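User: I'd like to learn how to read a few features of a protein model. Can you walk me through some?

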Amino acid sequence: MPLSPATPPQDLAQTPAQDFALVLGGGNALGAYHGGACEALFARGLSPSRIVGASVGAVTGAILAGNRPEDRLAKLRAFWDEAVMHTARAPHAPLRLRQVYNGLHSVLALAAGRPTIFRHRFPGLWSVLPWMPNDVALYDLGPLRETLLRMVDFERLNRADPPLAVCCVDIETGEEVVFDTARGPLAPEHLLASASITPAFPPVEIDGRLLCDPGYTNNLPVDLVLAEPTAQDRLCVAVELFSLRAPRPRSLDAVLERTHDLVFASSSRRTIAALERTYALHARLDPEGSRATLLHVAYEAQADEVAGKTLDFSPASVGDRWAAGARDMEQALVRLDAAPPGGRFRYLSAHAEARTA
């Protein structure tokens with residue numbers, strides 16, 4: 001099993017003085033980073049009172065909210081044990097060989113799919129030929145639906161303890177659409193809609209709206225948690241699978257990978273900047289109001305990652321991402337412990353100097 005041993009989570013009651021929300025971003029195979037981050041949170045006895053997810057973050061959130069606290073980490077591990085390609089691990093190969101190893105696994109996923117997540121659809125890519133019928137996607141998420149039915153207790157999920165909000169986008173209007181167990185039940189289709197990044201996967205029709213993955217527009221929906229101050233102080237831990245920080249690219253593949261990061265991570269920067277402005281205004285109007293802390297943890301891809309990293313389900317990469325999530329979250333929590341109180345809004349990053357508003 002490629003993942004590190006679990007630390008059993010403790011479902012500690014939240015104090016009335018502070019609410020704890022967990023926001024999980026999208027990134028397909030990079031989602032193993034969520035598992036390590038949650039492992040570190042649970043080891044601290046932290047359990048979210050609200051979860052918000054986009055794409056694979058919605059899948060992770062459903063596994064967390066749809067299982068007993070003592071089973072959550074084991075279910076996440078089981079999900080990634082099934083998703084991983086059962087090939088040689090090769091963790092200590094030289095950099096160039098490791099990049100080839102990662103790239104080959106990305107190509108293999110494109111060619112064969114992943115039995116528990118996605119498969120080829122017909123006509124799919126063949127629809128580009130003039131004599132073939134039209135299609136709107138290359139792959140089908142039917143296997144993920146079956147996996148979710150095995151991994152998630154939807155009856156428990158829909159009790160809204162904790163509530164799970166899932167973000168999608170209406171492909172016709174561009175409007176953001178949010179489904180929340182605090183307002184109504186979720187089914188597997190809601191999670192598939194959030195994970196349907198076009199044109200890889202087909203949009204999902206729900207209540208007359210054609211919905212898809214929000215990755216291009218709001219891949220880390222922290223605004224759903226922090227848009228307005230609440231009566232209580234709030235801690236929001238946001239786990240992002242792409243980073244705006246990276247060394248200068250020195251190859252075409254590295255440029256493609258960097259472009260991928262910028263596309264999916266830039267909306268987070270704009271959202272956080274807007275939150276800082278909003279809370280600065282609230283601080284002027286009511287300096288003694290409730291406070292919000294955003295602890296931002298982002299996966300910074302290692303040198304061996306390739307442009308197709310979101311399709312790299314190799315055992316070495318999945319294990320490395322899980323370990324990175326645990327390490328980065330532990331560092332972030334140390335920073336949180338050491339940070340001064342700050343004002344109405346406090347932004348802390350695991351990797352950069354904290355900014356305070």
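Analyst: Here is a short tour of some side chains, a helix and a surface patch. This is a predicted model, where local features need pLDDT of at least 70, side-chain atom pairs count only at pLDDT 80 or more, and totals for chains, interfaces and linings use all residues. Residues are numbered from 1 along each chain as its sequence is written, and side-chain values use heavy atoms, with hydrogens and water left out.

User: Let's start with arginine 258: is it buried or exposed?

Analyst: Buried means under 20% relative accessible area, exposed over 50%, and partly exposed in between (1.4 Å probe, protein chains only). Arginine 258 has a relative accessible area of 13%, so it is buried. You'll find arginine 258 in helix α10, residues 252-285; helices (H or I, at least four residues) and strands (E, at least two) are DSSP runs, numbered from the N terminus.

User: What does the side chain of arginine 258 reach?

Analyst: A polar contact is a pair of N or O atoms within 3.5 Å; within protein, one must be able to donate a hydrogen and the other to accept it, and residues adjacent in sequence count only if both atoms are side-chain atoms. Here the side chain of arginine 258 reaches the backbone oxygen of serine 243 at 3.0 Å.

User: And which residue has a side chain joined to that of arginine 98?

Analyst: That's serine 317, through a polar contact of 3.4 Å. Arginine 98 sits in helix α4, residues 95-112, and counts as buried because its relative accessibility is 4%.

User: How do I read aromatic rings?

Analyst: A pair of aromatic rings is described by the distance of the centres and the angle of the planes. Rings of Phe, Tyr and Trp (its six-membered ring) pair if their centres lie within 6.5 Å; planes under 30 degrees apart count as stacked, over 60 as edge-to-face and the rest as tilted. The whole structure has nine aromatic pairs. Phenylalanine 79 and tryptophan 80 make an edge-to-face pair, 5.3 Å centre to centre with 85° between the planes. Phenylalanine 79 is buried at 5% relative accessibility, and tryptophan 80 is buried at 1%. Together with Phe313, Phe79 and Trp80 form one aromatic cluster.

User: Which residues of helix α5 are buried?

Analyst: In α5 (residues 142-151), they are Gly142, Pro143, Leu144, Thr147, Leu148 and Met151.

User: Where is valine 128?

Analyst: Valine 128 is in the loop between β3 (119-120) and β4 (139-140). With 63% relative accessibility, valine 128 counts as exposed.
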